[in-house]
Structures are given as structure tokens and as C-alpha cells.
Amino acid sequence: IFKSLSYPFLIFSIFAIVLTICLGIWQLNRLEWKLSLINTFKETSSKLPVELHSVEKIEFVKVKVNAQINRKYKIFFPAKTLNGKSGFRLASILQTIDSENILVDEGWYNQDNHEYFLKNDKIFSKEIIGYIRFPRKAKLFTPENNFITNEWYTYNLSQIEEFLGLKINQKYFIKNMSDLDEPFLIPSELTPTFSNNHLQYAITWFVMSFAFFVLFLVYLKKNK
């Protein structure tokens, strides 16, 4: 029999134990996903580019495509830095010979050149080499995509399709690696930028859960 139990404390303790266990399991699931992503990167990034129409659409696979780039349909990703300088990433529409529209991240440019790209609606044909990326869900503190200012923070392809008023591929987009004859537009590089701290995070949550459990047992023992 327990005496003078503080039910708010008991409820809080049980909630804290369950929550931290769930967060630890979530981080383990994230670890499994991240390791799979890293393995996919290692397997595909070392291979030569393959024609887009014939390649299996795997993330990070390098592709080449002779297509039309249409900057009448474009979006901007602000607050991206390169070598300590602020700038934007420009994404426009790549139209294949099969009339498929695919979002292509053309590259990064310094914010001093923003006015140039705002007014640039040119359409040109080019064979580009790039790699496939899949869209990601927004992180907790990622700003909302802004339809009014045309400023984007996530590659939400359904939102981008709605904004552009143009049907586009919803499964993937392409990161351009080719020089597009504009020296101030810097193409992407296929380099690993993965951070993988999920195991440490999981251990932290499980340790916290154990600590809450110990406090819970000590409290029960004192109130017997």
C-alpha cells in the first residue's frame, strides 16, 4: 500500500518514460533509414551517368538527358550559402522529348545576381548531366514555402506543381551538374553531406527513460 502518492508526479513519470522510449525507437528507425540512404549513395554515386529514359529511378543515380530547360517556370530557394556567401538556388522545368516535365535544380548563384534570374525567362536546349533526388518532408522548424514571394524551402513537388500551373513529375527531381554557360550559376556536385547522429540521440533518449524509471521506483519506495 502506498501513502500520500502525488498522482500528478506519477502521471508525469509514466508519460516521460513512455515518451522517451518512443523517441529512442524513432531515432533507431531514423538510423536504419539513414544507413540505407548512405548505402544507396555509395552504390550509385560512383557509376557513370545513364540516359534518363532508360535508368532505374534510384536516388543519387547519375543521369544524362538532352532536353529543353524552360525558365518561364521557375522557383527560388533562398538563404543558401556557398563559401560563406548568401545566395539562391534556381529550379526550373526540364522538358524531355517525351513531353515530360521534371523539376531541375539548375544550381546556386550569389544574391547579387538575383535580379538577373528574376527577369530571365529564356528557353534553351541542353544536354545536362545530373543526379536524381527524392523530395523530403519538411523538418520541424523549416519555414513554409511562400507562393507570394516565390521563395521555397522544401522540394514539395505537389505544391510546386500547383504554383507553376504545370503538371510535373511527382516522384523525383534532378540536381544539375553541368555548366549552363553562365559563370555565376554554379552547378551541384554529387558529394556526401550526411550527418548521422541518430544512434547517439537514441542512446540519450533511452538513458533519460531509464533515469525517469529509477526516479519513479525511488518515489514509490519512499511512499510505501
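1. Cys 22 is partly exposed in this predicted model, its relative accessible area being 44%. The residue belongs to helix H1, which covers residues 7-45. From Cys 22 to Pro 8 the separation is 14 residues along the sequence, and the corresponding C-alpha to C-alpha distance in space is 21 Å.

2. Trp 26 is likewise placed in helix H1, and with a relative accessible area of 46% it is assigned to the partly exposed class, because that class lies between the 20% limit for buried residues and the 50% limit for exposed ones. Taken with Ser 188, Trp 26 forms a pair that is 162 residues apart in sequence, and the two C-alpha atoms are 31 Å apart in space.

3. On the chain as a whole, the model has 4 helices and 6 strands, and the order of these elements, read from the N terminus, is α-β-β-β-β-α-β-α-β-α. The radius of gyration is 24 Å, well over the 17 Å that the globule rule gives for 224 residues, so the protein chain is more spread out than a compact globule. The spans of the C-alpha trace along its principal axes are about 80 × 40 × 35 Å.

4. Ser 99, in the loop that runs between strand E3 (85-95) and strand E4 (101-110), has a positive phi near 65°, and its relative accessible area of 64% makes it exposed. Asp 181, for its part, sits in the loop between strand E6 (173-176) and helix H4 (198-222); although it is not a glycine, its phi is positive at about 65°, and at 61% relative accessibility this residue also counts as exposed.

5. Gly 165 is a further loop residue, found between helix H3 (157-164) and E6, and it is exposed, with a relative accessible area of 64%. How far apart in space are Gly 165 and Tyr 73, which are 92 residues apart in sequence? From C-alpha to C-alpha, the distance between Gly 165 and Tyr 73 is 8.9 Å.

6. The second largest pocket has a volume of about 190 Å³. Its lining includes Glu 51, Leu 52, His 53 and Lys 57, together with Lys 64, Val 65 and Asn 66, then Thr 96, Ile 97, Asp 98 and Glu 100, and also Tyr 172. Strand E2 (residues 62-82) supplies the largest share of this lining, with 3 residues.

Definitions and conventions
Residues numbered from 1 in each chain as written. Predicted model: local features only at pLDDT ≥ 70, side-chain atom pairs only at ≥ 80, totals over all residues. Heavy atoms only, no water. 1 Å grid on protein atoms, 1.4 Å probe; cavity = no way out; pocket = protein on both sides within 12 Å on 5 of 7 lines; lining within 4 Å. Points joined across faces, edges and corners; volume = space filled by probe spheres on them. Helix = DSSP H or I, 4+ residues; strand = E, 2+ residues; numbered from the N terminus. Rg over C-alpha atoms; globule rule 2.2 N^0.38 Å. Buried < 20%, exposed > 50% of the residue type's maximum accessible area, 1.4 Å probe, protein only.
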